[in-house]
Amino acid sequence: MHFRPLLLWLLVFSPFGSFEAAWQLQPAEPKAFNVRGKVVNSTTGEPIHGALVQLFAGRPRSRLTGPDGQFVFEDVPAGTFAVQVRKPGFFFAPQLPFSAASPPMIIAGPDEPPPATLKLIPEGIIYGHLFGDSGEPLESLPVQVFCERTENGRKARTEFRSTNTDQQGEFRLAELPPGRYFVLAGPSRVPSSFSARPSQGGARGYAAAFYPSGPDLASAAPIEIAPGKHLEINWTLSSQPFYRISGTVNADLRHQSLSLQLTRGGQALASGFQIDPEIGTFRTQWLPAGLYKLTGRMHDPSTGQELFAMQNLNLTSNVTVRLMMVPSLNIPVTFQVQTTRSDSQPGPALFGGSGLNATRNRQTYVPARVVLTLQEQALSPRQFYAEAVDGDEAAVIHNLLPGAYSIEAFPNGPYYVQAVRSGALNLLEQNLMVGAGGSLQPIEVVLRDDFATLDGSVALQGEGQSGMVVVIPEDSPQRARNANLFWQPGVPGADRQTAGFEISQLAPGSYRVLVVDDPSFEYENPDVLQKYLSQAQEILLGPNQRTKVTLGVVHVGD
Amino acid sequence: MILSGFAPLLLALSAFAQQDQPRATADAQANFAIAGVVVDGVSGQLLSQAEVFIQAQGIPDSGQSMMTNDDGSFAFYNLASGHYTLSARRRGYLEQAYKQHEGFSTAIIVGAGQDTSHLRFPLPPEASISGEVTDEMNDPVRQANVILFQRGLRSGRSATWRRAGASTDDRGHYSFTHLLPGTYFVAVSAQPWYAQHDVEIMRRASNPGEVQTEELIIPPDPALDVVYPVTFFSNAPNMADAAPITVRPGEAETADFALHPISALHLTVICDPPGGPDGPGNVWAEVREAVGEGWHEGVSVHSAQIRPGLLEITGLPPGGFDLTLHTSHGKESSVRSVSVHLAEDSKIDFSGAAVNATVSGVIRMDDGVLPARSFIQFRNRNTGEQVGAQVEENGQFVLRGRSLDPGNYDVSANGSGGMAVRSLSATGGKVSGRSLEVAAGQDVKLTVVVSKGTGRVSGVALKDDQPVDEVMVVLVPEVLENNLDLFRRDQSDSDGSFNLAGILPGKYTIIALESGWDLNWYDPTVLQKYLPSGEHVEVAPNAKLQVKVKVQTSFQK
């Protein structure tokens, strides 16, 4: 559960095109203030001309800074107001994705606020050229940049920006916030040449490669982008043979439409399938050698059945495959909710309950959101979600692929997840194996309402310090949960030396609680967690209890 | 030969045989050759290091390629007889099929008695237009939409069309590459990144204790309530005043833009508020700016509902617009459009305005089952702009969203296996042949009968009894006017042969024109003078005719 000090922002930013407010006859403010300040480059300290400063004093007021970076808002009433700055090519720290920085607040009254210095972080840019075997610029080659971040205690690499090289082989990836990146180029969409008959495997092209070389992230060199860094990468790729997958399907393609997907390392490829329904054949475009997973799906209109086929391929020559479509793998999910409290307030729709809400939302409500994550070597492993079964307190996970899965369940009501089982298998500890053709036992999710609540108070080391709370179950550290610190924003003179947190719906039991000063603390990595576990506070949480705890902030990292 | 893809190499690599194409046969004697030179299409200079590709039509994976030698020569030996697609690419030149014109090219017919070893393959040097877009602070404008228009002859008529779009990068830089020589226009549509167009609406009771409220509209800060008007190179507000950019072969032209903000206009829109006792409906406005020659660019405007029935649209530059108001309430929805020219803040009253005319109808196939995923298309005869709708399984179609502007449209239908409009009838619109005239505010119900068009004519284009390649062959219907859907075209192959397929039964004239690719053939008066020397045919259902057509030289340029 993420709690970020966003409350104030939500109040002042209207998501709609117009800003509406009650127009009330208010007693005239006794005093108005001038809010002034300066916008500077966080790296060089130079003033920034033409930056847009917005002050959310009741309604948004906007000013562009002058050549000296200065701005002034006149006639500002007393109060505490958020301020925001924008300029192309720069970032404002509180608006960076995954930023822990809190928005700066201007406090007007009782005195004139002191001039504010607002910093903008200059963007990073990765640019350069891609060249081929004989030094020729490679045109129309895709270039992607992945950023590495720690989210919910787990390192994640996600695609951040993408582009294509131009006629000169040049690419530019701008607007990069400071951070750690990986660059991936290729594959070429059209073979660069055919040195012989393509039917004999003579097509050549450029396979996808991470900078500086290598087909996967393991061989990639991370690129650190500091604020304002412009990094040039000139990179020569080597061509390699390209091949093609052709095939047939054990179904009549004239009446059922086949959808095909090709993945490599868990990533879907734009594979340009050509399907000829009349002849019943399909073919991919030219592909570099490698391990691929070909998945076909189709819907049989006569039976209403979903069909699928999956085939792993080690592509080292042109290959022909036959896809055998079989009924898709679906796993039912059942829920058991154990209520113990007399004041228990079940979810938005009560199963077997009474009242208006129960009947109204019943068709879409399930007591918990269930997510299966395929255990695969992939940048972002595929996830499958349980969908509610109409008019029932059950769900089903459709169209699973054969493989091992980890399971997560997130209660949709005031419960905690006590158990997730498949037969005798404890899915909170073990992976679920899904195989083709085998019987698929239902997943049973047990929820209870006698949860514990942890109510914390944290002594900060500096005003407005950011941090993250991690609650680690003693018996299964891999199921740790986190929360962000909050304090009462928007109240003039609020105590910003102390922050609070609340984590509810915890299973009763023994925990360790740790507050760290880095919101990107990688607590799911046992090696990282182990280093700081001794500084965590041990705590026993009882059923239906609210436990108060006071903690200090632990510094993590270098 | 008709090319079915854009990039010849991609086409040549396509997986499956085009049906009914003559196939190269594996059992034939494989001792023929395709050979020749690749030359610069302008200077005639021999081009080394060009990749030349051949693919036997109808045989997947039969493609092969080679690089030209220092003397520009290439040669493929040991080929079976058959039809081959020949294409080439080289850095600095446009990738082309042999003698490519629009979507046609000349296929190489290999076999006994055919000289296919002395080909001369001209590749046109490619050109480019690039530039930088900056704002009034001399900062680069990022993510500006840059639009490239081309003016010239397309499908037999003079036209200006939207050739490509690009977006500026962090340096404000854009480029359009791989251009053929010709006449182009470049326009930039962008917004100041800092612009603030939102109005603030405050409400209070008209009188203390009353339910009735009045609104106070606080406009945005005028210094930030600014827009960049659509700007054509060089600094022109529309296409008519724009400087055409003449691109010569191989040249890199530059077109830079310095954008200057102007005050945005405010438009107050009054309409009948949609809704009923069960709640209010939705209203939204769509604004398209007229940039010239019938082309429109969407303008991203801000609109705020002051109260039901009253909208405030902000963020508009001065100019000519199509303003479309969409209202919906439950399942009911309606669309009303007006064309306005705005020079200052204005007010438009839509209340009581007529709902846009809808064009709907039904399609029936008279010689088979209508294939799933068929489309009907309406091509504006003035602008060339096309609007289409997908046909539902029961043959019904409705033109959704924007309806047709008043005017004349060529009607065509397409779907897998090919089809052509056999007859057209309408209530609410005037039909002549296969064209439809739409009047303002008048609903049109169409009945369209289509046929698969199973007739086929193949033949040879001859000049002094010698076959001629690269000529434009046109199948002209008996009635020229309003029958665009009945025309068929092809380009003669290396042995002078051509193929015209998907022909509806009827009387036609086939003409073959040398230099026909520069001809304004869409104009019936232009085509008329070539008809007497054409080949007259009557095509019966499923007919497969063989003809010899005399090549005429087109004089019009």
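A residue is called buried if 20 or more other C-beta atoms lie within 10 Å of its own, exposed if 12 or fewer do, and partly exposed in between, with C-beta atoms placed from the backbone. The model is predicted: local features need pLDDT of at least 70, side-chain atom pairs count only at pLDDT 80 or more, and totals for chains, interfaces and linings use all residues. Residues are numbered from 1 along each chain as its sequence is written, and chains are lettered from A and ligands numbered from 1 in the order in which they are written.

**First stop: the two chains**

Please select chain A and colour it by secondary structure. Helices (H or I, at least four residues) and strands (E, at least two) are DSSP runs, numbered from the N terminus. Chain A contains three helices and 46 strands. It has 558 residues, of which 32% count as buried. Two residues are in contact if their C-beta atoms, placed from the backbone, lie within 7 Å. Of the contacts in chain A between residues at least 6 apart in sequence, 70% join residues at least 24 apart.

Next, please select chain B. Two helices and 48 strands make up its secondary structure. Along the principal axes, the C-alpha atoms of chain B fill a box of roughly 100 × 55 × 40 Å. Of the 557 residues in chain B, 42% are buried. For contacts in chain B with a separation of 6 or more, 71% are accounted for by residues 24 or more positions apart.

Please select residues 310–316 of chain B, which form strand S28. Six of the seven residues of S28(B) are buried, so the strand is mostly covered.

Two strands pair if DSSP finds at least two bridges between them. Strand S27 of chain B, residues 302–307, runs antiparallel to S28(B) and is paired with it over five bridges. Within this pair, B:His302 has B:Thr314 as its bridge partner. S27(B) and S28(B) form a hairpin with two residues between the strands, and B:Gly309 takes a positive phi near 90° there.

Strand S22 of chain B, residues 265–270, is also antiparallel to S28(B), and five bridges join the two. Here B:Ile270 is the bridge partner of B:Leu310. S22(B) also pairs with S31(B), in the parallel sense, over four bridges. In that pair, B:Val269 has B:Ile348 in S31(B) as its bridge partner.

Which order do the strands of this sheet follow? The four strands of chain B form an open sheet in the order S27-S28-S22-S31, with mixed pairing. S27 and strand S31 (346–349) of chain B stand at the edges with a single partner strand each, so one side of each is left without a neighbour in the sheet. From one strand to the next, the twist averages 20°; the axes behind such angles are lines fitted to C-alpha atoms, for helices over the stretch in contact, and the angles run from 0 to 180 degrees between N-to-C directions.

Please return to chain A and select S13, S10 and S19. These strands form an open sheet in the order S13-S10-S19, with mixed pairing. Its edge strands are S13 (170–176) and S19 (230–236) of chain A, each of which pairs on one side only. The twist here averages 15° from one strand to the next. Strand S10 of chain A, residues 124–131, pairs with S19(A) in the parallel sense over seven bridges. A:Ile126 stands opposite A:Leu231 in S19(A).

Most residues other than glycine have a negative phi, and most peptide bonds are trans. The following selections depart from that pattern.

- Select A:Gly109 and A:Pro110: a cis peptide bond joins them, with omega about 0°. A:Pro110 is in the loop between strands S8 (105–108) and S9 (116–122) of chain A.
- Select B:Phe233 and B:Ser234: the peptide bond from one to the other is cis, with omega near -5°. B:Ser234 lies in the loop between strands S17 (231–232) and S18 (245–247) of chain B.
- Select B:Glu102: this residue is not a glycine, yet its phi is positive, at about 45°. B:Glu102 is in the loop between strands S6 (96–97) and S7 (108–110) of chain B.
- Select B:Asp464: its phi is positive, at about 50°, although it is not a glycine. B:Asp464 is in the loop between strands S41 (455–463) and S42 (466–467) of chain B.

Is B:Glu102 exposed or partly exposed? B:Glu102 is partly exposed, because 15 other C-beta atoms lie within 10 Å. B:Asp464 counts as exposed, because it has 7 C-beta neighbours inside 10 Å.
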